[in-house]
Amino acid sequence: DASKKLFDTIAKYPKIAKQFHLPFQSGNDRVLKAMNRHYNREEYLKLAHYGRQIMPELVLTSDVIVGFPGETEEEFAESLEFLKTCGLSMFHIFPYSRRKGTSAADMPDQIPNAVKERRAAEAASAAAELEAAYHASMLGTTQQVLFEQEENGLYAGHAMNYVKVYVQAAQLHNELRAVRVTDLCRDGVFGELE
């Protein structure tokens, strides 16, 4: 449902975070058509590039479904390559789950669970690499962070790009503060209040 008009609107207003979740589900046009998606790879990429053209700070996250009925190894590999082409900072991986009463549940060539699990693991590895590279690009930058809660003696919140940020500080609940990013951690970054 995203459009150039939506991105134009987001770009116009500084109070709107420049982070957008834009699911693509598959990087293969045949699989997208089988999923009854009303877009293709080229349209998705054009929209992502347009968003970044008018908002260089735009952060895109997405979803991918692996193991949809009939998805070949080549089509799966094409989806993994597409993830890298899109320049996503994070994506969620979902193995296809057969749901009674859906048209996909009755499709031929259902993918075995072991294959779906292997593909999900490969996609998760690719996702972790992309996310780590994005987090590393934040080192030394200053981010506006909305703090939410204390976690293990640190205060945690999210930057405007949806990256989780931790600082050593007292009560910061619901405060918006500038933070200089100093280090990486498993699920985000560490920083110091400015």
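Here are a few friendly notes on salt bridges and one histidine in this predicted model.

1. Residues are numbered from 1 along each chain as its sequence is written. Because the model is predicted, local features need pLDDT of at least 70 and side-chain atom pairs count only at pLDDT 80 or more, while totals for chains, interfaces and linings use all residues; side-chain values use heavy atoms, leaving out hydrogens and water.

2. Let's start with the salt bridges, of which the structure holds 11. A salt bridge here is a side-chain nitrogen of Lys or Arg within 4 Å of a carboxyl oxygen of Asp or Glu.

3. Look at arginine 30 and glutamate 75, whose side chains meet in a salt bridge at 2.6 Å, N to O. Arginine 30 sits in helix H2 (residues 29–34) and glutamate 75 in helix H4 (residues 73–86), so the pair ties together parts 45 residues apart in sequence. Helices are DSSP runs (H or I, at least four residues), numbered from the N terminus.

4. Glutamate 75 is buried at 10% relative accessibility, whereas arginine 30 is partly exposed at 40%. Buried means under 20% relative accessible area, exposed over 50%, and partly exposed in between (1.4 Å probe, protein chains only).

5. Next, follow the network of salt bridges that links Glu71, Glu73, Arg118, Arg119 and Glu122. Within helix H5, arginine 118 and glutamate 122 are four residues apart, so about one helical turn separates them.

6. Finally, find histidine 135 in helix H5 (residues 113–137). Histidine 135 counts as buried because its relative accessibility is 7%. Its contacts (heavy atoms within 4.5 Å) include Val163 and Leu184, not counting residues up to four places away in sequence.

Methods. Helices (H or I, at least four residues) and strands (E, at least two) are DSSP runs, numbered from the N terminus.
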